[in-house]
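Please open the structure in your viewer and keep the sequence panel beside it, as this tour moves from one selection to the next.

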Amino acid sequence: DELAALMKWTPEWARRQVNISRVLVVRLPDILNRLEAGEISAYNAVIIAEGLQDLFSKTREDIHNTAAGVELADRYTSIVGQRAGQKSASEMKRAVRKAVVSLAPLPADELHELACLNRRVDMSLAADGMCWVNAYLPSIEGQRVMNAIRALVEKSEHLTGTEAQNRADALVSLVCNSTGAGNPGAEVQAMVSLETLLGVSSEPGTISGSHDLITANAVRALAEDARLRRIVYD
């Protein structure tokens, strides 16, 4: 609270900055050294620190307890630290997500199922008669929603605003005028290995467009009612 007042930050923002700093100093000294040497951007360092916080929350361990989780933090650093200085922010986020999934104590599918229990939609009021409608959804469902919105924008002649305005109008139209029969434009593309489809690998798939990960079980469930296209790649 004192730091927030001094820096003219909100208490929540000050708490976030302090937590990130403590993680870098206590848990990620190698990343901190590379940050100070200019070998890694501050943004990527923050992404790495927040990823480690997420990993520790999944292990039910206190990230600020220096006596616990030393090996876990070292393994995490060895994975995400590779070429961290050459990665863009989006590439860094994907690398962190993969590291958290691979090191978490529970299988990715179980973590995903637990996270799905918290799915929700809520609304908060804003100024000038406006509001925010927020949805916390599985990535595959979120991508379906966005693809349906884009499809409606592309085929609707009456949507003549900016791209952002058109998406907002399309969302209202889809939700309020839906017959419940679904929208043929609400399509999602995912890339997944043959081994995962056959059930001999738990490697996650990747959702096209957003690059979010989709767990092996979710991929196999999706494939039961999907069109499959073979792509051979190295």
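Begin by selecting strand E3 together with strand E4, residues 205-207, where you will find two bridges joining these antiparallel strands. Keep in mind during the whole tour that this is a predicted model. If you pick Ala 190, its bridge partner in E4 is Ile 207. In general, the strands of a sheet pair through backbone hydrogen bonds, and they can do so in a parallel or an antiparallel way.

Stay with Ile 207, which lies in strand E4. Is this residue buried or exposed? Ile 207 is buried, since its relative accessible area is 0%, and the limit for calling a residue buried is under 20%. If you also select Val 219, 12 residues away along the chain, you can see that the C-alpha atoms of Ile 207 and Val 219 are 9.9 Å apart.

Next, zoom out and show the whole protein, which has 11 helices and five strands. Its C-alpha trace spans about 55 × 55 × 35 Å along the principal axes, and of the 234 residues in the protein, 27% are buried.

Now turn to the surface and select Val 121, Met 123, Leu 125, Val 133, Leu 137, Val 145, Leu 171 and Val 175, which form a nonpolar patch with about 770 Å² of accessible area together. The elements that contribute two or more residues to this patch are strand E1 (120-125) and H9, and the largest share, three residues, comes from E1. Val 121, which lies in strand E1, counts as exposed because its relative accessibility is 58%.

Move on to the loop between helix H8 (139-155) and helix H9 (163-176), and select Ser 156 there. Although Ser 156 is in a loop, it is buried, with a relative accessible area of 13%. Show its side chain as well, and you will see that a polar atom of this side chain lies 2.6 Å from the backbone oxygen of Leu 152.

The next selection concerns cysteines. How many disulfides does a search of the whole structure find? The search finds zero disulfides. Cys 131 is in no disulfide, and the nearest cysteine sulfur, which belongs to Cys 176, is 11 Å away, whereas a disulfide needs the two sulfur atoms to be within 2.5 Å. Cys 131 is partly exposed, with a relative accessible area of 36%, while Cys 176 counts as exposed at 58% relative accessibility.

Most residues other than glycine have a negative phi. Lys 8, however, has a positive phi of about 60° although it is not a glycine, and you will find Lys 8 in the loop between helix H1 (2-7) and helix H2 (11-26). Lys 8 is exposed, with a relative accessible area of 74%. Then select Arg 83, in the loop between helix H5 (70-80) and helix H6 (89-103), where phi is near 55°, again a positive value in a residue other than glycine. Arg 83 is exposed too, with a relative accessible area of 54%.

Technical notes:
Residues are numbered from 1 along each chain as its sequence is written. This is a predicted model: local features need pLDDT of at least 70, side-chain atom pairs count only at pLDDT 80 or more; totals for chains, interfaces and linings use all residues. Side-chain values use heavy atoms; hydrogens and water are left out. Helices (H or I, at least four residues) and strands (E, at least two) are DSSP runs, numbered from the N terminus. Buried means under 20% relative accessible area, exposed over 50%, partly exposed in between (1.4 Å probe, protein chains only). A polar contact is a pair of N or O atoms within 3.5 Å; within protein, one must be able to donate a hydrogen and the other to accept it, and residues adjacent in sequence count only if both atoms are side-chain atoms. Patches are made of residues with over 30% relative accessible area and no salt bridge: like charges are joined within 9 Å, nonpolar side chains (Val, Leu, Ile, Met, Phe, Trp, Tyr) within 5 Å. Accessible areas come from the Shrake-Rupley method with a 1.4 Å probe; for residues, only the protein chains shown count as cover. A salt bridge is a side-chain nitrogen of Lys or Arg within 4 Å of a carboxyl oxygen of Asp or Glu. Two strands pair if DSSP finds at least two bridges between them.
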